Amino acid sequence: MTSAASTPTVPDLIDALVPLADGAPLHAVRHQRDKVVTATQGSHARLFDPALPGLSLAERLLAAHEIARRAGVTALADHYRTQLLALGTPTAAQQAALDGNAVPADDARLTEILRFAIALADKPVEGDQAALLRLPAAGIDTPAVVALAQLIAYVAYQVRVLAGLQALAAAGDALAPSAATTEDTAPFVHPANLPKPGEPLRINGFTSETLGWKAWLPVLDLANATPEQTAVLETSHPKAKTSDYYLLLVQQPAILQERSTVFNAIMYAPGGLSRAERELASAVVSRINGCVYCASVHAQRFEQLAKRNDVIAQVFHEPQGAGTNARERAIVQASITLTAAPASFGASDIAPLRAAGLSDLEILDLVHAIAIFAWANRLMLNLGEPVYGGEG
């Protein structure tokens, strides 16, 4: 892998679009998570590399523009429009897509790319197997479909990082976080009507039991793996070589490597928002998006860290209003709003988080956790399906 994608030589796109000036307080907060900053820009460089085979740069920019436009995040949509126009005069089909109109029927390939992008942008749970398999039928091979799925999921992440940072900028500089209330520090008493932590919850089709996952597209045969693919698998996850998820995504190894770096930098960074609260946000996003697999994994991780499952049961039952104290309720509500309506997320959504005692670094960690599950859910929902019994 070259160093160009890992070490950007261009200005950071998110900083430019918020905008965040070097030396501003929020710029300093964001760059306390420099690994996330660098890997996010690295992912961008990989996904929009003109040399990436299988999908033209114009096709990728049009998909990205459509996602940002539909999300209502104008600065990002304008960026992708500008990038596309810089390639030259758009074709009639490209111009129609830029204008939000139907693509002419004679461009079946672009029609299917945008159809898939729209499904994943608007309601990812509806990007099912039939929606996915229309892409190979339109002549797009598996590695190119993987690249497209990663790109769509990445832009969904990018939309929410940008919206969260713009909301923090609009909220102004933070005061000192408020002290925890008596409600926040009250000893936990497990509700008598819930399974004990560690025993599976099963509510509204969501569960905390261990699930497997099965891909809908051909996965990599390890016997045919390149040295780069083998290296990425070996550094991704202990079970990556037997996981359909990794064996599918590693067909674009450089993109997977950057994405894994972003994920780990967000979910495991020291300090800031607690690990349990990051897992809670992840479970809420997964519940809102309808991702049964991700919800199960991160419900389990919250239980393991917090030694309780009451708030997870609330989230599975009805996310709105869930939370056992003011801090949890603020985290849950922010997770819902930024997931469902990123363009509406603003200073008024930051205020309850600050009032509940979150510092701006903790709020940034929350925004990142919400955003990375916009990415993760779309991969899990749109490239395969959960398998009950922990197999697959």
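This report walks through the core, the cysteines and the charged pairs of the structure above.

Before we start, note that the model is predicted, so local features need pLDDT of at least 70 and side-chain atom pairs count only at pLDDT 80 or more, while totals for chains, interfaces and linings use all residues. Residues are numbered from 1 along each chain as its sequence is written, and side-chain values use heavy atoms, with hydrogens and water left out.

**The core**

Let's begin inside. In soluble globular proteins, nonpolar side chains tend to be buried together. Here, the largest nonpolar core has 136 residues. A nonpolar core is a set of buried Ala, Val, Leu, Ile, Met, Phe, Trp, Tyr and Cys residues joined through side-chain atoms within 4.5 Å. Buried means under 20% relative accessible area, exposed over 50%, and partly exposed in between (1.4 Å probe, protein chains only). The residues with the most contacts inside this core are Phe-48, Val-155 and Tyr-157. Helix H9 (residues 142–171) gives the largest share of the core, 19 residues. Helices are DSSP runs (H or I, at least four residues), numbered from the N terminus.

What does Val-155 touch? Leaving out residues up to four places away in sequence, Val-155 is in contact (heavy atoms within 4.5 Å) with Phe-48, Ala-64, Ile-67, Ala-68, Leu-76 and Tyr-80.

Ser-56 sits in the loop between helix H3 (34–47) and helix H4 (57–71), and is partly exposed at 33% relative accessible area. The C-alpha atoms of Ser-56 and Ala-144 are separated by 10.0 Å, although the two residues are 88 apart along the chain.

**The cysteines**

If you're looking for disulfides (cysteine sulfur atoms within 2.5 Å), the count is zero. Cys-291 has its closest cysteine sulfur in Cys-294, and that 3.5 Å is too far for a bond. Cys-294, likewise, is in no disulfide. Cys-291 is buried, with a relative accessible area of 2%, and Cys-294 is buried too, at 4%.

**The charged residues**

How many salt bridges does the structure hold? There are 20, a salt bridge being a side-chain nitrogen of Lys or Arg within 4 Å of a carboxyl oxygen of Asp or Glu.

| Pair | N to O distance | Where the residues lie |
|---|---|---|
| Asp-365 and Arg-33 | 2.9 Å | helix H19 (residues 360–383); loop between helix H2 (25–30) and H3 |
| Arg-115 and Glu-112 | 3.2 Å | both in helix H7 (residues 108–122) |
| Arg-308 and Glu-328 | 2.2 Å | loop between helix H15 (292–306) and helix H16 (310–317); helix H17 (residues 326–340) |

Asp-365 and Arg-33 are 332 residues apart. Asp-365 is buried at 2% relative accessible area, and Arg-33 is buried at 8%. Arg-115 and Glu-112 are three residues apart, about one turn of the helix. Arg-115 is partly exposed at 41%, whereas Glu-112 is buried at 11%. Arg-308 and Glu-328 are both buried, and they link parts of the chain 20 residues apart.

There's also a network of salt bridges that joins Glu-66, Arg-69, Arg-70 and Asp-122.

Asp-349, in helix H18 (residues 347–355), is buried yet has no salt bridge. Its nearest side chain of opposite charge (Lys and Arg count as positive, Asp and Glu as negative; His and the chain ends are not counted) is Arg-354, 12 Å away. Not counting residues up to four places away in sequence, Asp-349 touches Thr-337 and Ser-344.

Note on methods: Helix = DSSP H or I, 4+ residues; strand = E, 2+ residues; numbered from the N terminus.
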